[in-house]
Amino acid sequence: MTADAPCRFAPDLADLAHRLVERYRAAGLRLITAESCTAGLIGACLAAVPHSTAVLHGAYVTYCSDLKTEALGVPADLIRDRTPYDPEVARRMAQGALDRSPGVAVALSVTGVGGPDPDQGKPPGLVYIGLARRGGDTIIEEHRFPGPPDAVLTATIRAALTLALDHGPGTDRDPGGSRGLTGESGR
């Protein structure tokens, strides 16, 4: 690690982050993350891109279940009943981050078992990624990534950035050509 590069990401992750920042910046949209198993790495990957301050609003790092409840409003009974590794937890994390961030168009959440061992009966590599759009639907993806923890986390970052690109501004999956993604509209 050199003084001018405190954080290095795989070239494909850096490329995805760059494309995301440029696309959201061109559309004038801001994004926030709510991260559990990635512990802020998605936000850090985006922050490494020039001009990311125009896009990245911040990152909630809610590694512990208590913090998911305290910071994002995920119901404690939901986590207790279903574990933190559940699609509804990912949904609530994304929605909670969006609700707490006026002026932000998109919230991206991740929760999962990084491994190497199972946790609370869930297998290593099980990851849920959520994307909440102001004025639009919340999308949840389930993934089962193979490999050791570093491979799972790298695959999770890749999938999260891809989800935000695939459902962001300027895509056919962008409802109303970004009309639903403005920071001023209601959810």
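This is a predicted model: local features need pLDDT of at least 70, side-chain atom pairs count only at pLDDT 80 or more; totals for chains, interfaces and linings use all residues.
At a relative accessibility of 43%, Ala-39 counts as partly exposed. Ala-39 sits in the loop that links S1 to H2, and its phi is near 50°, a positive value in a residue other than glycine. With 10% relative accessibility, Thr-83 counts as buried, since buried means under 20% relative accessible area.

The protein contains six helices and five strands, and along the sequence they follow the pattern α-β-α-β-α-α-α-β-β-β-α. Of its 187 residues, 48% count as buried. Among the contacts with a separation of 6 or more, 64% join residues 24 or more positions apart.

The strands come together in an open sheet. Its five strands are ordered S2-S1-S3-S4-S5, with mixed pairing. Strand S2 (56-61) and strand S5 (138-144) are the edge strands, each pairing on one side only. From one strand to the next, the twist averages 15°.

On one side, S3 pairs with strand S1 (residues 31-35) in the parallel sense, over five bridges. Within this pairing, Leu-31 stands opposite Val-106 in S3, and Ile-32 has Ala-107 of S3 as its bridge partner. S3 is also joined to strand S4 (residues 126-133), here by seven bridges, and these two strands run antiparallel. Ser-109 has its bridge partner in S4, namely Gly-130.

How many of the seven residues of strand S3 are buried? Seven of the seven, across residues 106-112, so the strand is largely enclosed by the rest of the structure. In a regular strand, side chains alternate between the two faces of the sheet. Along S3, Val-106, Leu-108, Val-110 and Gly-112 point one way, while Ala-107, Ser-109 and Thr-111 point the other way, and all are buried. The peptide bond leading from Gly-115 to Pro-116 is cis, with omega near 10°.

The largest nonpolar core has 32 residues, of which Leu-20, Leu-31, Leu-46 and Leu-161 touch the most other members. Two or more residues of this core come from each of helix H1 (11-27), helix H2 (41-47), S3, S4 and helix H6 (149-166). H6 gives the most, with nine residues. Another core, of 14 residues, lies apart from this one and includes Ile-32, Leu-72, Ile-79 and Ala-97.

Which residues does Leu-161 touch, not counting residues up to four places away in sequence? They are Leu-13, Leu-16, Ala-17, Leu-20, Ile-42, Cys-45 and Leu-46. Several of these names return where H1 meets H6. Two packed helices are described by the angle between their axes and the distance between the axes. For H1 and H6, the angle is about 25° and the axes are 10 Å apart. The two helices are therefore roughly parallel to each other, as angles under 35 degrees count as roughly parallel. Their crossing is left-handed. On the H1 side, the contact is made by Asp-12, Leu-13, Leu-16, Ala-17, Arg-19, Leu-20, Arg-23 and Tyr-24. On the H6 side, the contributing residues are Thr-154, Ile-157, Arg-158, Leu-161, Thr-162, Ala-164 and Leu-165.

One of its residues is Ala-151, which is partly exposed, with a relative accessible area of 31%. Ala-151 and Gly-125 are 26 residues apart in sequence, and their C-alpha atoms are 9.0 Å apart in space.

Definitions and conventions. Residues are numbered from 1 along each chain as its sequence is written. Side-chain values use heavy atoms; hydrogens and water are left out. Buried means under 20% relative accessible area, exposed over 50%, partly exposed in between (1.4 Å probe, protein chains only). Helices (H or I, at least four residues) and strands (E, at least two) are DSSP runs, numbered from the N terminus. Two strands pair if DSSP finds at least two bridges between them. A nonpolar core is a set of buried Ala, Val, Leu, Ile, Met, Phe, Trp, Tyr and Cys residues joined through side-chain atoms within 4.5 Å. Contact means heavy atoms within 4.5 Å. Axes are lines fitted to C-alpha atoms, for helices over the stretch in contact, and angles run from 0 to 180 degrees between N-to-C directions. Angles under 35 degrees count as roughly parallel, over 145 as roughly antiparallel, 65 to 115 as roughly perpendicular and the rest as oblique. A crossing is left-handed if the near helix is turned anticlockwise from the far one by less than a right angle, and right-handed if clockwise.
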